[in-house]
Amino acid sequence: MAGKKKKAGKKGGGKEGGKADVDIDEDALLDQVLESQQAAAADAAVKRPGPDDDDDLGLMEDWPPAGLNQFVTIEEEMGKKHPVRQGTPDQYVEYVQYSSIDELQDIMDMMAADLSEPYPVFTYRYFIDNWPDLCWLARLKSHDDPNFSRIVGAITCKAAMTNKSNDERGVRGYIAMLAVHQEHRKNGFGSKLVTLALDTMKKKGCTEVVLETEISNQGALSLYEGLGFVRDKRLDKYYQTGTDAFRLKLWLTMPPYFY
């Protein structure tokens, strides 16, 4: 179908330097603009994790990932005994909230081997002492030995008021640290710890959750993006090693500007 044509003036086209009429195909011009925008969007699009993507952290359990309203809740998880792929047949994992200072050293030892940069004990104490209910642990236990217990995964978070204007102020959640012991990955422990933390944040009134992760950490990016997080900002040389980071964000409620 022929596009609409419109006549436009062009300077310097006539004998006397007046205006000469030229035909402009508006539909063709619009198509070019749309194609350009689509190409730019494709170049900037964030790659979403798929069923065949590598999951270096072993934190994804199912595909497609659970939607925001399908996150596991604390009530559903308490007391459940989850089988593990590694270990002896009598072993299982339970998810529990932090409960004692005696657990701190085990958490630090496990996370120190997995995090992007070392953190002093004061950093751990800041998050755990102020928000103990936002520290979730995956504990490896044994049916045969009731005294056996080992932390194989942990997440620490915080929840605080944002610094936005009064009309947009709310409680923001922040995921500070997440780690799963290398021997016990590919079990979905990481994704379960995150969803338990998110459910706790929702109960505390959080409207959004943010975190940072290395741009090269494909396992973490797959985990978080599979749970609905989006890349909000790139942070240059964010870590002490000089590595860049992505800031990821998840809205737990509809942002005000969408209403």
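What follows is a short chat about a predicted model of a protein chain.

Q: What is the average pLDDT of the protein chain?
A: The chain averages 75, and 65% of the residues score at least 70. pLDDT is the predictor's confidence in each residue, from 0 to 100. As the model is predicted, local features need pLDDT of at least 70 and side-chain atom pairs count only at pLDDT 80 or more, while totals for chains, interfaces and linings use all residues. Residues are numbered from 1 along each chain as its sequence is written, and side-chain values use heavy atoms, with hydrogens and water left out.

Q: Where is the pLDDT below 50?
A: Residues 1-22 are below 50, and that stretch has 32 contacts (heavy atoms within 4.5 Å) beyond near neighbours in sequence. Residues 36-70 are also below 50, with 51 such contacts in the model. Where pLDDT is low, the predicted coordinates should not be read in detail.

Q: Switching to rings. How many aromatic pairs are there?
A: The count is 7. Rings of Phe, Tyr and Trp (its six-membered ring) pair if their centres lie within 6.5 Å; planes under 30 degrees apart count as stacked, over 60 as edge-to-face and the rest as tilted.

Q: Why is the pair Tyr126 and Phe127 called edge-to-face?
A: Because their planes are at 75°, with the ring centres 4.9 Å apart. The pair Tyr224 and Phe229 is edge-to-face too, with centres 5.4 Å apart and planes at 75°.

Q: Tyr126: buried, exposed or partly exposed?
A: Tyr126 is partly exposed, at 38% relative accessible area. Phe127 is buried at 9%, and Tyr224 and Phe229 are both buried. Buried means under 20% relative accessible area, exposed over 50%, partly exposed in between (1.4 Å probe, protein chains only).

Q: Which residues form an aromatic cluster with Tyr126?
A: Phe127, Trp131 and Tyr174.

Q: How many residues of helix H5 are buried?
A: 13 of the 15, so H5 is largely enclosed by the rest of the structure. H5 covers residues 189-203 and reaches 21 Å from its first C-alpha to its last, close to the 21 Å expected. The expected span is 1.5 Å times one less than the number of residues. Helices (H or I, at least four residues) and strands (E, at least two) are DSSP runs, numbered from the N terminus.

Q: What comes just after H5?
A: Gly205 there takes a positive phi of about 90°.

Q: How many disulfides does the whole structure have?
A: The search finds 0, a disulfide being a pair of cysteine sulfur atoms within 2.5 Å.
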